[in-house]
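Subject: Structure handover

Hello,

Here is the structure for your files. My notes on what was found in it follow below.

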Amino acid sequence: MNWIGLADHLDGRFSPKGFKPRGAAPVAALLERGTLMFETQVAGHMRPHDLFGIAENVPWARELVFRAIPGGGIAMVHRQHDDIIHAAIRWTGDGRAHTLRVTYAWDTPNGWARLALEQPERARVVTNQVHAPRPQRTDDLRGLMLNHATRTLSKEVIFGAVATDIAPVGPMPTLHPETPIATPGGYRPAKTLQRGDTVLTNTGDIVPVLHTVRTSVPARGSFAPVRLHAPYFGLTRDIVVAPEQRLVLQGSEVEYIFGQEAVLVPARHLVNGFAATWSAPANVADYVQLVLPGHEVIVAAGCALESLYIGRIRRHKARLSASILANVPSRLLPEHARPIHQVLDPFEAITLIDQRAA
């Protein structure tokens, strides 16, 4: 992924060659293919209001805006002169504020676009196909990132970002590429593992790697890197993971509170200033992950971590084609019926960590 723009309430950055250019050429005046992504916290049943967007009148009238709609959901309006493209996604929530990721990806030469709404903490995804999309003016995207006078950036928006590629939606990698993963031959960096290699699980079993997936994402919001510090969580060295990477926690406290041998805890719930901290800010973060046959638990520098959970995505052609596994034939994908352990909610994770610290 080639990310060229990043914005939040503290800063805005735009690089025509991308944040990791590697010889890439500057983008053209019209971006015919790309992705606009932002994350927001909007509770359901709120009044309609603009979340993120920009409007211009020179050299001609145009507008790109994303709005929160009553009852929960997001609407997009892309207007050029009298040509208007509209798309909306309804989202049935519980009335509480949750982080939602909005991804608008367009491919003008092929005549399609996709508006997606995700809830990262619960792995929910809803998409809506958009027909006959229009290209985006690069200057407008620059203004959107750099706080142009006509930009809207609601207080509920966490960050916004622009890429020149089509960003996937659905299951995402969550491990830093250098994360040491236990294998029968010793620890190896996650980025070096390929289909056909084997890894050790937390129970000592040897299982094959079916696929390794990798991507670059904005280092903000639900993608902001978390540093897990040794010797906590069984770690022999510090590792960096995405906030949604789930750790497998075991022990007497787990059995006493939850009546289970083990539970899954997202890394974001563990950030407390010493055992886990937010990593140094950057523009983009690179992540990798492993797809294993039965959603087994991997061992990273001594810490038990969940491998990539993909559910039954192989049965859903549209979801699979929009995901990071789009290029993998469905027959080569496993089915993960459900997470291997209970996934703790924030208040449950806090209760567990407090109990362990007592």
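A cavity here is a set of grid points where a 1.4 Å probe fits but cannot get out, and its volume is the space filled by probe spheres set on those points. Please keep in mind that the model is predicted.

Cavities

Rolling a probe the size of a water molecule over the atoms is what shows where empty space is left.

The largest cavity holds about 90 Å³ of space. Its lining comprises 15 residues, and those nearest the centre are Glu63, Leu64, His78, Gln136 and Asp140. Sorted by class, that lining has six nonpolar, six charged and three polar residues. At least two lining residues come from each of S5, S6, S7, strand S12 (136-137) and H1.

The second largest cavity has a volume of about 50 Å³. Its lining is made up of Val125, Thr127, Val169, Gly170, Pro171, Ile313, Arg319 and Ala322. Five of these residues are nonpolar, two are polar and one is charged.

Sheet and helix

Several of the elements that line the largest cavity, S5, S6 and S7 among them, also belong to an open sheet of five strands. The strand order is S8-S7-S6-S5-S13, and the pairing is antiparallel. Strand S8 (83-90) and strand S13 (151-153) are the edge strands, each pairing on one side only. From one strand to the next, the twist averages 10 degrees. Strands of a sheet pair through backbone hydrogen bonds, either parallel or antiparallel.

Between strand S7 (residues 73-80) and S8 there are eight bridges, and the two strands run antiparallel.

Helix H1 (residues 138-145) lies across strand S5 (49-56), strand S6 (62-68) and S13. The helix runs at about 135 degrees to S5.

Backbone exceptions

Most residues other than glycine have a negative phi, and most peptide bonds are trans. The following places depart from that pattern.

- Alanine 132 has a positive phi, near 50 degrees. This alanine sits in the loop between strand S11 (124-131) and S12. Its relative accessible area is 44%, so alanine 132 counts as partly exposed, the class between 20% and 50%.
- Histidine 295 also has a positive phi, near 60 degrees. The loop that holds histidine 295 lies between strand S25 (284-291) and strand S26 (297-300). Is histidine 295 buried or exposed? Histidine 295 is buried, because its relative accessibility is 1% and the class takes in values under 20%.
- The peptide bond from alanine 230 to proline 231 is cis, with omega near 10 degrees. Proline 231 is in the loop between strand S20 (226-228) and strand S21 (239-241).

Regards

Note on methods. Residues numbered from 1 in each chain as written. Predicted model: local features only at pLDDT ≥ 70, side-chain atom pairs only at ≥ 80, totals over all residues. Heavy atoms only, no water. Pairing = 2+ DSSP bridges. Helix = DSSP H or I, 4+ residues; strand = E, 2+ residues; numbered from the N terminus. Axes fitted to C-alpha atoms, helices over the stretch in contact; angles between N-to-C directions. Contact = heavy atoms within 4.5 Å. 1 Å grid on protein atoms, 1.4 Å probe; cavity = no way out; pocket = protein on both sides within 12 Å on 5 of 7 lines; lining within 4 Å. Nonpolar A, V, L, I, M, F, W, Y, C, P; charged D, E, K, R; others polar. Buried < 20%, exposed > 50% of the residue type's maximum accessible area, 1.4 Å probe, protein only.
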